[in-house]
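I opened the model and kept short notes while looking things up. The entries follow in the order in which I made them.

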Amino acid sequence: MDVTLATAKRHDRTPAGVAAAGLAALPIVLLLVVRPFGFETPRALYLPLHTAIETLVIAAGIATFAVQWFAAGAGAFREARALFIGPAFLAASLLEIAHVLVFPGMPGLLGPATTERGIYYWLAARALTVGALVAAVRIERDTASPFIGRKRLLSVSLAVVAALVALELLLPADRTWFFEEGPGLTWLKVSFEGLLLVVATLGAVLHWRAWRRTGEPASGKLALALACAAYGEACFMLYLHAYDPFNVLGHLYVGASYGFVFDALFVAALVRPYRELDALRAHVEDELVVTIRQLRDTQEQREDLL
């Protein structure tokens, strides 16, 4: 009966969730409406704004990793999805740091700061985050697979970062795979963003279906994170130059996506164990009260018999 009631409540909230997802796309529609007027972010403001948003994204990614890492180290952590997602977000945050450093106007990282290099690290970070979130839908919370080990996953994630950085340093410095001065974004860059948009949308649907089936809050929040990621990818397909408002809006969507992931894993790692402990304590207290009452009744019956 309780399961049926909970399922009915989730179905009742479904239209509201769909409406919220639709409203979240409203900024994109508004920017499309005003695009003919040629609005752009002031160039003097864009660099500090971009750096500030990226700093928040990086902080959220590192915090997501740190929460699950220390919670897993406590020995009472059984959220396999968080163990899988955490190291991936740490790797993505390291790539985001490289993205910030090689963005035009910044000091660079083992080379000059260019738009082309910035897009490379950006796409690598986005592929890691979206890929990890989508893959997590196939991982059960209590999975005991030896592949879901925090040290193994951390080693793999750091190795991936090192390989991506080494690969970028070996590429031609004057390449224009993703961006050309004048024409702007290349078809390869737009196609890559489009692929990430499709994958993120698919992952959002899968996590949403898992939430409808199990009622687990983490699944719902991961669905929201992927929905925001999909909106962000749409913005990165639409911007014409670095100072285009779509570029800023896309970064804001990515920040919201990281926030939902942090919230989901924070609740899974810290809040849920305390809730389960409180429920267990209440159950033990109830059992103790019942046991004491039974002993008292037995004692009274014994005295009456004597």
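This is a predicted model: local features need pLDDT of at least 70, side-chain atom pairs count only at pLDDT 80 or more; totals for chains, interfaces and linings use all residues.

Entry 1, a helix pair. How are α4 and α5 oriented to each other, roughly parallel or roughly antiparallel? I looked up the angle: α4 and α5 pack at about 170 degrees, with their axes 8 Å apart. The two helices are therefore roughly antiparallel to each other. Angles under 35 degrees count as roughly parallel, over 145 as roughly antiparallel, 65 to 115 as roughly perpendicular, and the rest as oblique. The axes are lines fitted to C-alpha atoms over the stretch in contact, and angles run from 0 to 180 degrees between N-to-C directions.

Residues are numbered from 1 along each chain as its sequence is written, and side-chain values use heavy atoms, with hydrogens and water left out.

Entry 3, the α4 and α5 contact. I listed residues in contact (heavy atoms within 4.5 Å). On the α4 side they include F84, I85, F89 and L95, and on the α5 side they include Y121, W122, L128 and L133. By class, this contact has 16 nonpolar, three polar and one charged residues. Ala, Val, Leu, Ile, Met, Phe, Trp, Tyr, Cys and Pro count as nonpolar, Asp, Glu, Lys and Arg as charged, and the others, Gly among them, as polar.

I find nine helices and two strands, in the order α-α-α-α-α-α-β-β-α-α-α from the N terminus. Helices (H or I, at least four residues) and strands (E, at least two) are DSSP runs, numbered from the N terminus. Of the 306 residues, 41% count as buried. Buried means under 20% relative accessible area, exposed over 50%, and partly exposed in between, with a 1.4 Å probe and protein chains only.

Of its 55 residues, I85, L133 and V261 touch the most other members. The largest share of this core, 10 residues, comes from α5. Leaving out residues up to four places away in sequence, I85 touches A132, L133, A136, L222, V261 and L265. Another core, of five residues, lies apart from it and includes A80, I139, I148 and L153.

S219 sits in helix α8 and counts as buried, at 2% relative accessibility. Beyond residues up to four places away in sequence, S219 touches R81, H207, A210 and W211. L110 is in the loop between α4 and α5 and counts as exposed, at 65% relative accessibility. I also noted that phi of L110 is near 55 degrees, a positive value in a residue other than glycine. Most residues other than glycine have a negative phi.

Definitions and conventions:
A nonpolar core is a set of buried Ala, Val, Leu, Ile, Met, Phe, Trp, Tyr and Cys residues joined through side-chain atoms within 4.5 Å.
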